[in-house]
Amino acid sequence: MYVLGILDGGGGDETVDRVVDGAIDQLAQAGRVGVIRYDATIADGTHGALTTGGDVTVDLGADGDWTASGTGLSVQQALDRLAPDCDYAVVVGVSSLRYPAVVVGDGPTAREHEHEHTPADTLATIASATELGDIDLRERLEATDPHRTLGSLVERVKRSPHAPRAGAIATFTGRVRQKDAEDDTPTQYLEFEKYEGVADERMAALERELEARDGVFAVELYHRTGVVEDGEDIVFVVVLAGHREEAFRTVEDGINRLKDEVPLFKKEVTLEDEFWVHERS
């Protein structure tokens, strides 16, 4: 699922609403769209990149065929719930979103949003929904990293044409470990960077090599980039196979080869220190 943020940079509620509708209409031509709206005026005291407190409303589908609202749902949780069913998500009103964003308006608020995002993250600053029509959102979003969850990857392999022959789905989830031993200095977060282009190509090639094995029908590999906080998931391996033996064996080989062969760089930040670790052998 590809994620687009839409931020009010001084354009006003009505203009933002029209831009949101235009983005939904454009993306809905290529797949199902989930919409997450965040109201910062109703806060519950928590703040963070994707766990900002407040009122979160979720619409599933461009026509709003399912809606949920309430302060008990974080933006991160809402994205995770949409990921198995949606191809795209539009998130409205979250300035610290770590996904590409369109800023509506060119006032002081827009400059603040642009400061919070890197140039690659800000797709455009526009004044109206008409200007949105000049941007190919699908092409721009699909050049960025998608939002994946274990559930969304499992759903992907279940859609394999070979699924009727499969009797096993095996998975691996790697997460941020706070410490190895009780007296270790706690890890606050990890930050991952990838060798652009090369990492994605190697990941895709590794998937194809694993899928070429007898009895293996589909393989999904996914590794997050950017900041991943303590306790959050980092990497997923999902294998659809005929039997459990080849499923388990391929999952283990998949994570081992991903760590050895895919050029990813890891920065570890603890309470006392920070350092980069090159995970490529």
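A residue is taken as buried under 20% relative accessible area, as exposed over 50% and as partly exposed in between (1.4 Å probe, protein chains only). By this definition, buried residues make up 45% of the 281 residues in the chain. The structure is a predicted model, in which local features need pLDDT of at least 70 and side-chain atom pairs count only at pLDDT 80 or more, while totals for chains, interfaces and linings use all residues. Residues are numbered from 1 along each chain as its sequence is written, and side-chain values use heavy atoms, with hydrogens and water left out.

The chain has eight helices and 14 strands, assigned as DSSP runs (helices H or I, at least four residues; strands E, at least two) and numbered from the N terminus. In helix α2 (residues 75-82), the buried residues are V75, Q76, A78, L79 and L82. These cover an arc of only 160° around the axis, which puts them on the same side of α2; the arc is that of the directions from the helix axis to the C-beta atoms.

Three strands form an open sheet in the order β8-β12-β10, with antiparallel pairing; two strands pair if DSSP finds at least two bridges between them. The edges are β8 (168-175) and β10 (216-223), each with a single partner strand, so one side of each is left without a neighbour in the sheet. Eight bridges join β8 to the antiparallel strand β12 (residues 233-241), and I169 has L240 as its bridge partner in β12. Helix α8 (residues 244-261) packs on this sheet, touching β8, β10 and β12, and its direction makes about 145° with that of β12. Contact here means heavy atoms within 4.5 Å; axes are lines fitted to C-alpha atoms, for helices over the stretch in contact, with angles from 0 to 180 degrees between N-to-C directions.

Rings of Phe, Tyr and Trp (its six-membered ring) were paired if their centres lie within 6.5 Å, with planes under 30 degrees apart counted as stacked, over 60 as edge-to-face and the rest as tilted. The count comes to two aromatic pairs. The rings of Y2 and Y88 have centres 6.3 Å apart and planes at 35°, so this pair is tilted. Y2 lies in strand β1 (residues 2-8) and Y88 in strand β5 (residues 88-92), so the pair ties together parts 86 residues apart in sequence. Y222 and F236 form a stacked pair, 6.4 Å centre to centre with 15° between the planes. Y222 is buried at 12% relative accessibility, and F236 is buried at 4%.
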